[in-house]
Amino acid sequence: MTATHVPGLPVIEDGHLISTNPASGAEAGRVPVADEKAVIAAVERAREAALWWQSLGWDGRKTRLLRWRTLLVERIQELAELAELESGKPVNDGIIEVTAAVEHLDWAAKNAKRVLGPRRMRTRLLLAEHVGHLEYQPYGVVGVIGPWNYPIVTPIGPISGALAAGNAVVFKPSEYTPVVGQWLADTFAEIVPEHPVLQAVHGLGDVGGALCRSGVQKVSFTGSTATGKKVMAACAENLVPVVIEAGGKDALIVDADADVAAAAEAAVWGSMTNAGQTCIGIERVYAVESVYDKFVDAVVEKAGKLRTGQEIGPITMPKQLDIIRDHIEDALAKGGRAVLGGAGAVQAPYVSPTVLVDVPAHSSEMREETFGPTLTITKVRDADEAVQKANDSPYGLGGAVFGKKDAIRIARRLRSGMVAVNGTLTFVGMGNLPFGGVGESGFGRIHGEDGLREFARAKAITVRRARSLLPAMTFERTPAQVQQIVKALRLLYGRKP
């Protein structure tokens, strides 16, 4: 690398995307850059591959997906070390990320047939002579645009769902983590060498746009809200449906009867893991006044033990450092106080753990996604005020509640797609639960049954099984038969419940 290259910043040279470690600048690898023609060619190859992949049937696809799962387990250390080399993520964090990815891959492979397979539906009055059938058919080719902060588990969610449903996938990894993305495609090809069922295409944002316009039948995107809107606009040109998993500003509520020590430990993990670069990371806490002081002290004590370069890795995107610095400075300028870290926390490429209190609700630190190891803690009268403040956000991805008596009721009132009770981020590790947000956090779901259904079209089929006793949908019906239908309708549905 030359002296002009910023560590971690993607560089294109001689038709290759060069990926470097954000802390050391060491090269993690290089991959060929795809232009628009190359993206379209990949989609055409995927279209043919999808026909073969679908011909394997549910059990054939399941067998191959489970083999890929086993390969990930066998090479977990290799993959975690590659993630560290490319993004700076601590190896142990990478191992946990692979563990979650394996869970989602395993669940999708084992449950696709049950969730999406053909089934017979109950007959209804108007067409009593017909039987209904429901099945879910794959789209064909699905485009997956992945993020850099969790380059393993996040794309494997939609990739595993799309593959299990019978689609081929063209995967555009983030330009900050292309080597990890290519590793995933290459290892899948080791298990499925016959056809290019999973391919990776690389480049900057224009390659993602080309993928949206390439003829894929659906796109799953994970990234910032701003980029998600661009993806939607590109897909809208051809009415390509999308799943959008965008930003978050997740809140943790600490109720009066919470286990304060456990809540503090979870808050530190939820806000500081992956150096805070987590879409479902805890960025705001609302603690009921009776436990507020004790909670703040516990958070500061626990977060103060974390060390940059060890538990806290580097900030992967160099430009994010400016956003984190601006948010901290804005919070302090508007009356907030730093009880840990503060204005000097940003020392590129690292940000020291920072805990802020008394931060006004209109500050950028409270309104916008920070994506760094910062946490604001706000005192509230009670859980009702906490819910009101937590929901006062355009985002609605995840969240958390600590408490005993009313914790689940509070969780139900949060405007978000997921909530962890007496834990943080835990819902991401359960393959049978859907994952996604509301508002500016996006829409659609990955993971679980809802996630599988995102990657297949529902198809309804009716089959006549007998002569029509009460013919309705024909010009040959008689007035008497219509009256018989009305009589049957009143008999079955005419009484108030």
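Me: Which residues does Cys 279 touch, not counting residues up to four places away in sequence?

Reply: Contact means heavy atoms within 4.5 Å. By that rule Cys 279 touches Asn 149, Glu 245, Ala 246, Gly 248, Asp 250, Glu 369, Phe 371 and Leu 397. This is a predicted model, in which local features need pLDDT of at least 70, side-chain atom pairs count only at pLDDT 80 or more, and totals for chains, interfaces and linings use all residues. Residues are numbered from 1 along each chain as its sequence is written, and side-chain values use heavy atoms, with hydrogens and water left out.

Me: Is Cys 279 buried or exposed?

Reply: Buried means under 20% relative accessible area, exposed over 50%, and partly exposed in between (1.4 Å probe, protein chains only). Cys 279 has 13% relative accessibility and so counts as buried. Glu 245 is buried too, at 5%.

Me: Where do Glu 245 and Cys 279 sit in the secondary structure?

Reply: Helices (H or I, at least four residues) and strands (E, at least two) are DSSP runs, numbered from the N terminus. Glu 245 is in strand S10 (residues 242-245). Cys 279 is in the loop between helix H9 (260-272) and strand S12 (282-288).

Me: What does the UniProt annotation "active site" cover?

Reply: UniProt positions are given in the numbering used here, feature names are shortened, and annotations may be inferred rather than shown by experiment. The unreviewed UniProt entry places its "active site" annotation on Glu 245 and Cys 279. They span 35 residues in sequence, yet no two of their C-alpha atoms are more than 8.9 Å apart, so they gather at one spot.
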